[in-house]
Amino acid sequence: MIVNKHGSPISSKESISPDTSHGMILYVEGVSVSFDGFKALNDLNLYIKDGELRCLIGANGAGKTTLMDVITGKTRPDTGKVSFGQQIDLLELDESQIARAGIGRKFQKPTVFEALSVFENIELSLKGDKGIWSALFHKLSGAQKDKIDEVLETIGLIAERHYPAGRLSHGQKQWLEIGMLLAAEPRLLLVDEPVAGMTAQETERTAELLTSLAGKHSVVVVEHDMAFVRSIARTVTVLHQGSVLAEGSMNEIQENKDVREVYLGEEQAEL
Amino acid sequence: MIELKSVDQKYGGTQILWDLSLDIKQGSRTCIMGRNGVGKTTLLKTIMGLLPISSGSLVINGHDMSKGSVEKRPEIGVGYVPQGRHIFPQLTVEENLKISLNCSRQPSKSIPKHIFKLFPVLQEMLHRRGGDLSGGQQQQLAIARALVLNPDILILDEPNEGIQPNIVQLIRDVLLKLNKEQGMTIILVEQKLPFARAVGEYFHLMEKGQVIASGEMQELTDQLVGKYLAV
Amino acid sequence: MLRIFSLLVFSCMSWFALAENAPATESNTQFETLLAQLPSTKLSKMAPLVDKIAAQPSPQVPELLQHLMEGELYYLKAANELVYAQPNQQQTYDLTSVLKTEALAPVSIYALKKIRTNNRIRGQIRDLLANMYLSNSSPAVRLQAIKQLLDNPSKTGITSITRLIKTEQEKEIRELMSVVLLIEQLEKGQTAEKLAAISQLEGRLEPTVKNALVKELKKLSASQDLSISQDKSELHKALTRAIGQMEQDGDFYQLLDYLFFGLSMGSVLLLAAIGLTITFGVMGVINMAHGEMMMLGAYTTYVIQQTFPNLIEYSLLMAVPAAFLVSGLVGVLIERGVIRFLKGRPLETLLATFGISLILQQLVRTVFSPLNRQVEAPQWMSGSLEINPIFSLTYNRLYIIIFALMVFFSLLMILKKSSLGLHVRAVSQNRDMARALSIKSSWVDAITFGLGSGVAGIAGVALSQLTNVGPNLGQDYIIDSFLVVVFGGVGSLWGTLVAAMTLGTFNKFLEPSMGPVLANIIVLVGLVLFIQKRPKGLFPQKGRSAE
Amino acid sequence: AENIKVGVLHSLSGTMAISETTLKDTVLMMIADQNAKGGLLGKKLEAVVVDPASNWPLFAEKGRELLAKEKVDVIFGSWTSVSRKSVLPVLEELNGLMFYPVQYEGEESSQNVFYTGAAPNQQAIPAVDYLMNDIGAERWVLLGTDYVYPRTTNKILEAYLLSKGVEAKDIMINYTPFGHSDWQNIVADVKTFGSTGKKTAVVSTINGDANIPFYKELGNQGISAEDIPVMAFSVGEEELSGFDTTPLVGHLAAWNYFQSVRTEENDKFIKSWKKFIGDDERVTNDPMEATYIGFKMWVKAVEKAGTTDVDAVEQAMIGIAVPNLTGGIAVMNANHHLSKPVLIGEIQANGQFEVVWSTPDTVIGDAWSDFLPVSKDLISDWTAPVSCGNFNIKTAKCSGE
Amino acid sequence: MKNLLHSPGFKKLNSLHFVIAILFITTLYVTVCNLAFAPGSFFYVSNYTVSLLGKYLCYALLALAVDLVWGYCGILSLGHGAFFALGGYAMGMYLMRQIGDRGVYGNPDLPDFMVFLNWTELPWYWAGSDNVLFMVLLVFAGPGLLAYIFGTMAFRSRVSGVYLSIITQAMTYALMLSFFRNEMGFGGNNGLTDFKEIFGFSLQSPDTKLALFVATAVALAFGYAVSHFIVNSKMGRVVTAIRDAEDRVRFVGYKPQHYKVWIFVVSAMLAGLAGALYVPQVGMINPGEFSPLNSIEIVIWVAIGGRGTLYGAIIGAVVVSYAKTRFTAIMPEVWLFGLGGLFVLVTLLLPKGIAGLFASVLNKLDPPTQPANEPQAPSTTATTAAESKS
Ligand SMILES: Nc1ncnc2c1ncn2[C@@H]1O[C@H](COP(=O)(O)OP(=O)(O)OP(=O)(O)O)[C@@H](O)[C@H]1O
Ligand SMILES: Nc1ncnc2c1ncn2[C@@H]1O[C@H](COP(=O)(O)OP(=O)(O)OP(=O)(O)O)[C@@H](O)[C@H]1O
Ligand SMILES: [Mg+2]
Ligand SMILES: [Mg+2]
């Protein structure tokens, strides 16, 4: 493998995989992002362990989505370092290279390929070669078909498999995006508000799904639904105004006065 | 107040709402619930006139709105918070709020002050582009924008999606207050039971484009929930 | 410039008329015999005859020459006499006898024979007249006369200038007269005089002066091998310095010229593009009929001029609102009739508006014929503002720059300060939501499209002053318009302004060295490369949503 | 009897419509006239009008349609050289006959085409002579639109001027794209070029629509015809009718025809044209005369041959004489070009030209210029025994065969 | 009819088979009727018709190329005429050299226009132009290379939407101006004309014309097959996804710019092929083909025919060209009203173009039993989705 001086592979053809020998899969160090003078992220540090399920909460506008943008290469930080495993400097890769390296993402606002069917949406997301020639002569293998069926089963869109995704309802699109994420089998999943617009039971199912993914994959979840967070959370990180306000177990967080003030509110009753 | 009579609704060739009838009383707080894709948003869009009714009738505030255009709704006092926020991305927050100031219902021609009391973050962000806001901030803006009209009827499609817990509490309080103090009719689509229970007086459960159960909120039993809201 | 000159001269005719009743003298008979030769003289023999006539002391000479120059001197065959003739409304000619200065009965063209001149003879007459007018009572006429002579110093009566300069009151005229004398001195004088002349002429800008200096230098270089005397090298130095100075000034004004040309081309681009900034930039309609909206504006100007043939001076002022209304109205019709059915299908608007543009082109072709229509330029739009002898700004361009900026800023005001602007942008960003917030989107659409089209119509009025008014007018500008809008950043008014001016100036600075074709190619290639650097134009839409 | 079909291949839309529509109407008028006189060979003439829409390949398609589908006996058509070049192969393939009525760059002679417009030696050379001898021009600006006609003409003129002892530094050549509308720089350059004290003249082969902005700019920058006269080869009455001629008065044009020339034929022609078109303001111009002459000649040739058969008519055409509208007789030469007089006119305020000079006699159109090294040995002669459009007199061979 | 539509064999057929079958039948019919029947016979297909059809098919191939990038990848190229013209020039150069010493000046090496401009030798870029293989290479490589360079630059810097459209327009405009220049060595405004023969066959002979027509039909079939293969492969789906949500595609791991460049190059080559076939059939190539309006017209063919269906592009090109041919003959004075009106009406009444009309007629004949679960060709909904984005 050809690597540059930081150890990142230069040729994107090589399948890159993160070096997690130190147990960490994601390093975010001293990252700051500002937009026209507004600091969306402010010297943020975050480390995600390999196989960990991490919940990220924080007030609206705290910078959670921006953080995901930075990790996935959508936004370039002003300062700081982001690396995948020890060796892959994410700031040197573009969005598609990052995706190929094994970071998958579900967007806050569901975005799917509207003209393609649900099935095709998943097909495109499948793990594998994303080059031109393979796309041209690609035939789905049996294993891949099974995988797609399995994903469709999981997200409950079997009946809609041949629907153009543009015709799905909001919640169905949420599910489809999760499905696309599953199909890609990334090492690290970044999930932005997965249960927005889902019923309680669906929320529960999503929680189960995410918990089951942890271990094999590392998962970072952003959510405002506290019931959901509580049901899956081991470690919770609270962002506030672009930096980490608190980190700890759910209980610790709930007791944290600052967090209550800026985020949770004084009531205990969950809404 | 709002009366739908055997309304059918289609997208192209696919029928979504089937012979749906609904009656919402003035000053009530109604919650519409149902699984993903059963047609809740479609129903609200139908009420808003965003989808022309293919058959059936719709009366709002005594006006026959079966054929009336979308622009008419704000004039007769309907405010709308759509699913997915629909902020004007290239307009500043202030401009987003100013859009409907020209509406004949809005006498003051300036953004009511209490809006900023409800959502202080908007005051801070007044001159930023709407599209730059975070998801939750946009949601707050969407609600504020509907309130600028000072509507009689407020229609909200999953207003809490992506909003931080303390603001969710705030929204609940605001809705209750508006309903109590101004007698504003509230129509809400909500997936989260606790919020629905806290805000709604009445509920309508939807399934496959039809209302299959309605009643007062207390009557929303776990059995019903299990049957129609679980997957 | 010449035209003003003739006008001035005509106003002075009355002065000559006073002297007309002088009794016939001997010289007058000679004058008459010369006149009698006019009809039979061939063009090639005309020049000496004209000189002879001009030398006559008769007070009628200037008037006669003036008419000859204007092509109004005829020979009335039946009466065997010379007349001044002017066509009248009845397709015949009104006559005035040259010698008797009395009006004669109008005759048809067949009864007349024109005393012909050509450019060369007219130039000769002009110089002769200028010499005569040097002593005219009106300072303006004298100024024009001396300016005319300055272009052609060899034709100047040095003696009369030497005489006249003493009594001349106007400083400017005196100065120009002295330039003529100095040139004479430079050519004919001794070395010392030459040097003096050079030092006095230094800093002047007239091309004649430069020509004289260059000629002198050439003369000097040619004779240099004989002896390299002290004075000669000094003269040489002085000449080179003076010429160098003039060239430097020339270069400077040349740059100013280019800048002006660039800005004026820029403002034409701006006018052409600005309506499109609204229909395309803000509303997102790929409006291929934009050019035809300009065309309609230009044709409106034509119709206005046809309807009010006596108000040509005001026709443009009337045409601006009229063109706005006509194009605007057509715009509203197009929007109501076609574009509104294409909501959410912006690419289809390309197809429909292209069809509309074909229809509109054919419409004017059928109604107004395929030929170009004649739109006249009011007096105040012609000629140029002379800042110095080598730098002048043409009025039509000057007004168009000003006009373009006025249109730009009015539009800016409308879009930024009125609620219409806000509503347009809201509708273009999210139609349904805007409607749900009480905006009458169809009304907004119609008005906006009308506004964009109306502004295009106004641009057409301006274009009618620069180029052909024909069915193809729109086609000539449509591509440039889209380029400007895109280069500036779609939807940005300021972007359009900067883009138009930049493109114009670049083009005009490149053109002298590259030629217009290559300059155009380079600008296009530059634009393509620029878009690689800034994929959303000069003033891109910013923010999260724009990504 | 079946009608004799006359194809009209002029653009009625697109950029060239402005010029060509008039010629279409001229042909229609001529046909109506002829029919009023009883037709031709006892048959009626019938016009078949198509619109090649200023689209060059479409000229070929439409030409083919006229010949193969409509089976016309003759075609009147084309304006630009490229459109002529486009139909040419079709004409030769299907053995059609076309009359081409516009002044052009020469360097061509096809058996299937009769060129009734001016060749360079019938326009450019006399015009330059006039400027040199009568106006006393010493410095020359050759302005043209960048295409074949100006390029060729300027090449010929440059060679001609140099041969007359003009120095290379006294010649300035400049080309602009089609439809060039911003003349500020160029006019300023011309002004500077002409400010050296030597008499300067412009020879303009600027095409079509670009002329109006050019003259406007000249006027506005204060260049009058007396300072720097412009001699144009593509500006006629029709072009002038499209704009305010005040700033142009005194500028020049060289043609074989001017509307203002008073002859009986011309008066009749103008009258019938105005009547036909129903507009008293409409003007006539040189290509119209060329169409007129072409048509008359064709009629005569058909009568002479007694058939419309292309080969017969082609041979019959040679030597046919028809009175010019401006006096004298036009004769079709063996090289398919006409002998015509050359006139130089000054633009008047009313949009007409006043003739200031004319050749004493007619000039024979020369297909191959004598001033170009590559073509000075070529001649065209479509009569036996040569029967060749590009016959090399040095090698005595018909090149290209 | 209905039975036929429902028969299992029919279901397996797709548009590729139809298009190729129709092309084959047309070609066969035209060839046989042209050769076997005498002029005047009812069945006779005239040489005129043959040459007209050949031209239409060139346009169809060009339209197909545009549909490939526009309909499927969302690249609205307003400069495809440039690729067409480049292919045409490549062929034109070859044909020019075939003239040999039969030009008017009789120069064996130099084309007439060069002789006339006093050029003494062929410019370097004409080297090899008399070689058939080199010509074939150039027909593909010329447009392909331009598309590659242009595409790489533009797509790498993420130029998209109208910005891309307008710079493609600027590209073709700049090329037009360049080719107008005589100094370019391509015959300036007149372009390349006066061709005599192709591969040794006289261009004036009806048989050559027929052969060229057949060759064009084969090329079109080939182009259709290639395009059909591409859009129905996974490549086609990726490209559709790029059209609808380019950013999202990146996050899935694809490199949209590579796909876009690739498909742009393929499309440019098809356009170049169309141009190369066009030139011998119309007998000339000149810079007018680079005119931006020409390119816009191509886009209009596609839109009229129905975007994103491939066969729609063919229908559009043929229908509009035919309309033009007829209109300019039937009502030469006012035909633009007809054409303009046609454009407006089609937009208003047939939002999915003529192909959309076909589809809905087919649907009526064969109402989908379970519309929801019927696999949808991406095309039918493609339009709405793509546009709601822009
Ligand atoms: N492109 C941008 N331009 C300007 N401001 C931006 C941009 N992107 C993000 N911001 C600002 O950065 C802040 C953080 O936004 P972000 O979307 O990351 O918040 P968040 O934590 O995801 O909030 P939420 O929970 O509401 O989704 C917000 O105040 C937002 O306005
Ligand atoms: N534009 C559209 N075209 C075709 N079908 C659509 C469209 N929008 C929605 N649908 C279909 O209509 C059905 C109802 O959608 P709707 O958005 O009303 O559901 P919902 O109850 O609001 O769901 P959610 O809770 O997910 O928001 C869905 O099955 C969806 O597939
Ligand atoms: Mg967020
Ligand atoms: Mg919904």
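In this predicted model, C:Tyr314 is placed in helix H13 of chain C. Its relative accessibility is 52%, so C:Tyr314 counts as exposed, the cut-off for that class being over 50%. C:Tyr314 also belongs to a nonpolar patch on the surface, together with C:Phe308, C:Leu311, C:Leu317, C:Trp380, C:Tyr399, C:Ile402 and C:Met406. The accessible area of these residues together is about 770 Å². Two elements of chain C each give two or more residues to the patch, namely helix H13 (312-337) and helix H15 (395-417). The largest share, three residues, comes from H15(C).

Of the seven pairs of chains that touch, chains C and D have the most contacts. On the chain D side 57 residues take part, and on the chain C side 49 residues. The size of an interface is often given as the accessible area lost when the parts come together. Between chain D and chain C the buried area is about 4,200 Å², with carbon and sulfur atoms giving 43% of it. Three residues, D:Asn185, D:Asn220 and D:Glu226, supply 17% of the area that chain D buries against chain C, which is more than any other three residues. Charged pairs are present here too: seven salt bridges are counted between chain D and chain C. A salt bridge is formed by C:Arg397 with D:Asp182, where the closest N and O atoms are 3.8 Å apart.

Chains A and B form another of the interfaces. Here 36 residues of chain A are in contact with 34 residues of chain B. The area buried between chain A and chain B is about 2,700 Å², and carbon and sulfur atoms account for 50% of this area. Two salt bridges are counted between chain A and chain B. B:Lys192 and A:Asp225 form a salt bridge, with 3.4 Å between the closest N and O atoms. Some pairs of chains, in contrast, are not joined. Chain A and chain D have no contact, and their closest C-alpha atoms lie 38 Å apart. Chain B and chain E likewise have no contact, although their closest C-alpha atoms lie 8 Å apart; for a contact, heavy atoms have to be within 4.5 Å.

The magnesium ion (ligand 3) is coordinated by A:Thr65 through OG1 and by A:Gln108 through OE1, at 1.9 to 2.2 Å.

In chain B, the protein donors of the magnesium ion (ligand 4) are B:Thr41 (OG1) and B:Gln83 (OE1), which lie 1.8 to 2.1 Å from the ion. This pair links parts of the chain 42 residues apart, with B:Thr41 in helix H1 (residues 40-48) and B:Gln83 in the loop between strand S6 (78-81) and helix H3 (93-98) of chain B. With a relative accessible area of 13%, B:Gln83 is buried. The loop between S6 and H3 of chain B also contains B:Thr92, which is buried because its relative accessible area is 18%. Leaving aside residues up to four places away in sequence, B:Thr92 touches B:Leu126, B:His127, B:Arg128, B:Arg129 and B:Gly130.

A few backbone details complete the picture. In chain D, a cis peptide bond joins D:Ala384 and D:Pro385, with omega about 5 degrees. D:Pro385 is placed in the loop between strand S17 (378-381) and strand S18 (388-392). D:Ala53 has a positive phi, near 55 degrees, without being a glycine. This residue is found in the loop between strand S2 (45-50) and helix H2 (56-69) of chain D, and D:Ala53 is buried, because its relative accessible area is 14%. In chain E, E:Leu310 is not a glycine either, yet its phi is positive at about 65 degrees. E:Leu310 is found in the loop between helix H12 (292-305) and helix H13 (311-330) of chain E. The relative accessibility of E:Leu310 is 1%, so this residue counts as buried.

Definitions and conventions
Residues are numbered from 1 along each chain as its sequence is written. Chains are lettered from A and ligands numbered from 1 in the order in which they are written. This is a predicted model: local features need pLDDT of at least 70, side-chain atom pairs count only at pLDDT 80 or more; totals for chains, interfaces and linings use all residues. Side-chain values use heavy atoms; hydrogens and water are left out. Patches are made of residues with over 30% relative accessible area and no salt bridge: like charges are joined within 9 Å, nonpolar side chains (Val, Leu, Ile, Met, Phe, Trp, Tyr) within 5 Å. Accessible areas come from the Shrake-Rupley method with a 1.4 Å probe; for residues, only the protein chains shown count as cover. A salt bridge is a side-chain nitrogen of Lys or Arg within 4 Å of a carboxyl oxygen of Asp or Glu. Helices (H or I, at least four residues) and strands (E, at least two) are DSSP runs, numbered from the N terminus. Buried means under 20% relative accessible area, exposed over 50%, partly exposed in between (1.4 Å probe, protein chains only). Donors are N, O and S atoms within 2.8 Å of the metal (3.2 Å for Na, K and Ca); water is not among the atoms, so sites may look incomplete. Buried area is the accessible area (1.4 Å probe) that two parts lose on being put together, summed over both.
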